Structure formats: structure tokens, C-alpha cells
Amino acid sequence: MTAPTGIPQRESWATRAGFILAAVGSAVGLGNMWRFSYIASEGGGAAFVLLYLVIVLIVGIPLMTAEFVVGRMSQESPARALKRLGGKAWAPLGWLFVFCGLGILSYYSVIAGWTMRYAVDAVRNAIPEDTAAYFAQVSSGGDAVIAHLIFMAITVYIVASGVKKGIERASLIMMPLLFLILIGLALWAATLPGGGAGYAYYLKPDLRRLLEPEILADAAGQAFFSLSLGMGALMTYASYLKSEENLGREAATVAFADTGVAFVAGLVVFPVIFSFGLTDQVSESTVGALFISLPKGFELLGRLGDYIDTAFFVMLFFAALTSAISLLEVVVAALVDVWNLPRRATAIGAGAGIALLGLPSAYDTDILGASDQLVGNFLLVVGGFFTALLVGYKLLTQADAELSKGLANQTLRRRWAMLIRYAVPVILLGVIASGLRPTWQALRTLFGV
Ligand code: TRP
């Protein structure tokens with residue numbers, strides 16, 4: 001279909017389920033599968049999980065609702081929409097989103113590349129016995145670069161295929177498979193002898209730690225990354241919505257699914273680690289928990305382990321891919337909407353640029369870690385803070401009208417507005433302040449000073 005001007009009509013989702021699964025696909029990713037359970041176990045177990053849930057409820061869901069509302073209201077990419085709706089002063093926020101998309105995907109794709117390599121080798125039954133040496137080989141240098149480039153090419157291919165035929169179709173296939181595999185793995189993990197100690201380590205309620213400020217900052221940073229908040233990814237997805245569903249309910253659904261997956265992933269990882277006596281390796285490195293000790297554990301199972309290995313890493317690969325798609329889409333949608341560029345060529349060009357940008361992370365995991373701290377932790381929270389200010393103070397009347405299309409309950413909408421205006425900015429200011437020091441460190445690592 002073509003609009004009278006000859007400009008092709010903007011795409012939209014074919015179904016409500018397609019939108020939801022794409023949004024859940026964006027949220028559910030590498031962040032859920034290992035970062036959540038690792039940080040939870042470090043941060044007081046059940047105490048961290050409790051704090052995380054509170055943050056998701058009072059910051060995550062309101063902010064996600066705000067992103068959905070602005071997206072559907074604008075029907076265009078944030079890079080254009082924020083300037084049109086908020087005025088010139090808000091244009092930089094849209095470009096900050098694009099910068100975050102580029103920045104996160106550049107290193108996310110490196111980790112996703114490791115995952116892809118593991119999945120392929122698991123299918124071929126070719127993961128060697130010495131998993132630590134294997135991980136060292138796979139995770140940096142030439143092997144990591146090749147996997148990173150292949151992963152970027154797959155991501156580009158899906159985004160270039162468009163919203164309906166690319167993103168929606170990929171999510172409709174991969175997400176249900178991911179849920180099935182994850183539930184199967186959790187049931188299997190529950191049968192492991194000695195797994196109980198793993199549940200205890202993961203969820204031990206150390207309630208004194210609830211009051212530590214770093215745990216609050218960790219919980220908030222993790223919530224932003226895991227829920228894909230703060231850089232307009234879900235805003236971009238919602239800009240392809242035409243229907244008038246209840247956006248508050250959609251946000252709650254996505255947040256619930258994301259948190260559920262994170263929680264269940266922990267129920268897989270920890271019993272395995274404890275049942276096979278791999279705790280030493282976990283305390284040594286974060287990444288190690290997933291990439292070194294799990295395959296080691298699976299190996300001890302012989303034949304059955306080969307299948308479980310495959311299921312696990314294929315699932316992880318799907319999770320990473322649907323998240324990477326959303327990161328690239330923010331960049332592509334911005335370039336397509338602002339300069340009227342063709343989608344396919346834009347996806348290829350942007351993907352190539354990001355692939356280059358990721359090379360340092362593929363060669364050096366310190367650079368990868370520093371990029372994650374700077375963009376994946378700090379800038380997301382900054383983006384979320386300004387999004388709350390824009391929606392809560394400048395666009396509130398319009399946003400409330402847009403939200404009311406699917407949410408008639410005025411009391412709920414008022415509560416949402418209060419959270420966006422007061423609770424969210426205040427909490428995020430605290431989180432930003434506590435993130436200044438590690439971010440400064442990260443900048444020094446990146447620029448070598
Ligand atoms: N949420 C994804 C994860 O947990 C990562 C991700 C995808 C993301 N899109 C995003 C993070 C946008 C922040 C913003 O792995």
C-alpha cells in the first residue's frame with residue numbers, strides 16, 4: 001500500500017499477540033538468564049528479589065506504560081517524535097536513545113555470539129571437556145569476532161525483513177519455544193540430587209541487606225536492563241500499534257513475563273551448580289557461572305546431558321536474538337523516519353557500523369564490561385529519568401488521553417501520573433547519584449586514562 005505522496009505507509013503489527021511477544025522478546029534476553037540470578041545470589045537472595053519486585057512495580061511498569069503511550073501516540077520513531085511532541089529541547093533525548101541502541105548492541109552481540117557458538121557446538125556435540133579452556137577460546141579474539149559478525153548478520157536480516165514479516169514472525173516462533181524449553185529445564189533441575197542447596201543459596205533471605213543502598217542501585221539497574229527500559233526500544237515497538245488496547249495492562253504483562261523468566265532461569269542455574277559441585281567456579285566469575293560451569297555439569301550426565309546442553313544454549317540464543325532485534329530496530333526506525341531512508345539498506349548500514357563498534361569488546365572483555373556499565377547501566381537510567389520528566393510534566397494531558405483509550409479507570413490513571421511525576425524521578429535521581437563512581441571508572445577504562 002502506498003500513501004498518496006508516494007511514501008510507503010508505515011508498518012504495524014498484525015496481531016496483539018505479535019506485539020506482546022515481540023515486547024517480551026525484547027525484554028527477555030541475556031539479562032534474565034544469568035545477570036539476574038547472579039546478582040540476586042550476591043545481593044541477599046530473597047532480599048534482592050523483593051526489592052527488585054518493588055522497583056518493577058513502582059518504577060518499571062509505570063515507565064514502560066509511559067514508553068508505550070508515547071509510542072502509540074506518536075506513530076513514529078522516538079528520534080522524531082520527542083522533538084515534535086516536546087519541542088526542540090527534547091530532540092537530544094531521542095538521539096541519546098539511538099546512541100544507547102548502538103552502544104548496547106555493539107557488546108550485546110559479542111556475548112550473543114558466544115551463545116550462538118555454544119548452541120552450534122552443542123548441537124554438533126562438540127563442546128570439549130575442559131570447558132574453561134573452551135570458554136577462553138570462544139570468548140575473545142578471532143573466534144569471538146567471527147561469531148559476533150555472524151550474529152549481527154542474522155539480526156540485520158530479521159530487522160531488514162520488516163516489522164510484520166521479520167520481527168513479529170521471528171518472535172511468534174522463538175518465544176513460545178523458549179518458554180517450553182525453560183519450563184522443561186526447570187522441571188528437570190528440580191529432580192537433581194543435592195539441588196536444594198542451590199535453591200537455598202539463590203533465595204536465602206538475608207533481610208538486613210534490604211537497607212544497603214548499593215543493592216537498591218543494583219536492583220534498579222538490573223530492572224532497566226532486563227525490562228528494556230530507558231532507550232525507547234519499547235516506545236519504538238508501540239509506535240507500530242494501531243489498536244486501542246489497555247497499555248497499562250500490556251506493560252504489566254510484559255513485566256510479569258520478564259520477571260517470571262528471570263526467576264525461573266535461576267531455578268535452573270543454581271540447582272545444577274550445586275548438584276554438580278561447581279560452586280568454586282561461580283564465585284570466580286560472573287560469566288563463568290553460565291558458560292563454564294553449566295556445560296561442565298551437563299557433561300557429567302553423559303548422553304542426556306548432550307540434549308540438555310543443546311536445549312539450554314539454543315534457548316539462550318533465541319533470547320539474545322529477539323533482544324538484539326529490538327536494539328537494532330531503535331536505530332533503524334530513527335534513520336528511516338527522520339531521513340526517509342529505505343529499511344533494508346538502513347538495517348544493513350547500521351548493522352555494519354555496530355559490528356565495527358563491537359570489535360574492541362570482542363577482543364577485550366574489560367572493554368565489554370566498561371561499555372555495559374556506561375551504556376547498559378548508567379545511560380539507561382538517565383534516559384528513563386528524562387522520559388519520566390517529559391511524560392510527567394510536559395505531555396501529561398496528551399498522554400493521559402492516549403492511555404484512557406484502553407484504560408477507562410481514572411483512579412488508576414491518576415496513580416500512574418503520580419508515580420511518573422514524583423516517585424520515578426526521585427528514585428532514579430538516587431540511582432544516578434550512586435552510579436556516578438562506577439561510571440567514571442568505566443569511562444577511564446574505555447578511554448585509557
Ligand atoms: N532486555 C534485554 C535483556 O534482558 C536487553 C535489551 C534489549 C535491552 N533491548 C533493550 C536493554 C533495550 C535495554 C534497552 O537481555
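# A tour of the cavities and the ligand

A search of the whole structure finds two cavities of 30 Å³ or more. The model is predicted, with local features requiring pLDDT of at least 70 and side-chain atom pairs pLDDT 80 or more, whereas totals for chains, interfaces and linings use all residues. Residues are numbered from 1 along each chain as its sequence is written, and side-chain values use heavy atoms, without hydrogens or water. A cavity is a set of points, on a 1 Å grid over the protein atoms alone, where a 1.4 Å probe fits but cannot get out; its lining residues have an atom within 4 Å of a point. A volume is the space filled by probe spheres set on the points, which are joined across faces, edges and corners.

**First stop: the largest cavity**

Select Ser26, Ile104, Phe225, Ser228 and Leu327, which lie nearest the centre of the largest cavity among its 17 lining residues. Two or more lining residues come from each of H1, helix H5 (91–123), H10 and H15; helices here are DSSP runs (H or I, at least four residues) numbered from the N terminus. The volume of this cavity is about 160 Å³. Its lining comprises ten nonpolar, seven polar and no charged residues. In this classification Ala, Val, Leu, Ile, Met, Phe, Trp, Tyr, Cys and Pro are nonpolar, Asp, Glu, Lys and Arg are charged, and the others, Gly among them, are polar.

**Second stop: the ligand**

Display the ligand next: it sits in the largest cavity, meaning that more than half of its atoms lie within 2 Å of the grid points. Of the 16 residues around it, Ala27, Gly31, Tyr108, Phe225 and Ser228 come nearest (a residue counts if one of its heavy atoms lies within 4 Å). The shell contains eight nonpolar, eight polar and no charged residues. Helices H1 (16–27), H2 (30–42), H10 (213–226) and H15 (303–339) each supply at least two of the shell residues.

Now show the backbone atoms. A ligand nitrogen lies 2.8 Å from a backbone N or O atom of Phe225. For the ligand oxygen atoms, look to Gly31, with a backbone N or O atom at 2.9 Å from one, and to Leu30, with a polar backbone atom at 3.1 Å from one. The protein covers 100% of the 360 Å² of accessible area that the ligand has on its own (Shrake-Rupley method, 1.4 Å probe).

Select Trp34, Ser37, Tyr38, Val269 and Ala289, the nearest to the centre among ten lining residues. This cavity has a volume of about 70 Å³. H2 gives the most to the lining, with four residues; helix H12 (247–275) and helix H14 (286–299) each supply at least two. By class, the lining has nine nonpolar, one polar and no charged residues.

How values were computed: A polar contact is a pair of N or O atoms within 3.5 Å; within protein, one must be able to donate a hydrogen and the other to accept it, and residues adjacent in sequence count only if both atoms are side-chain atoms. On a 1 Å grid over the protein atoms alone, a cavity is a set of points where a 1.4 Å probe fits but cannot get out, and a pocket is an open set with protein on both sides within 12 Å along at least five of seven lines; lining residues have an atom within 4 Å of a point.
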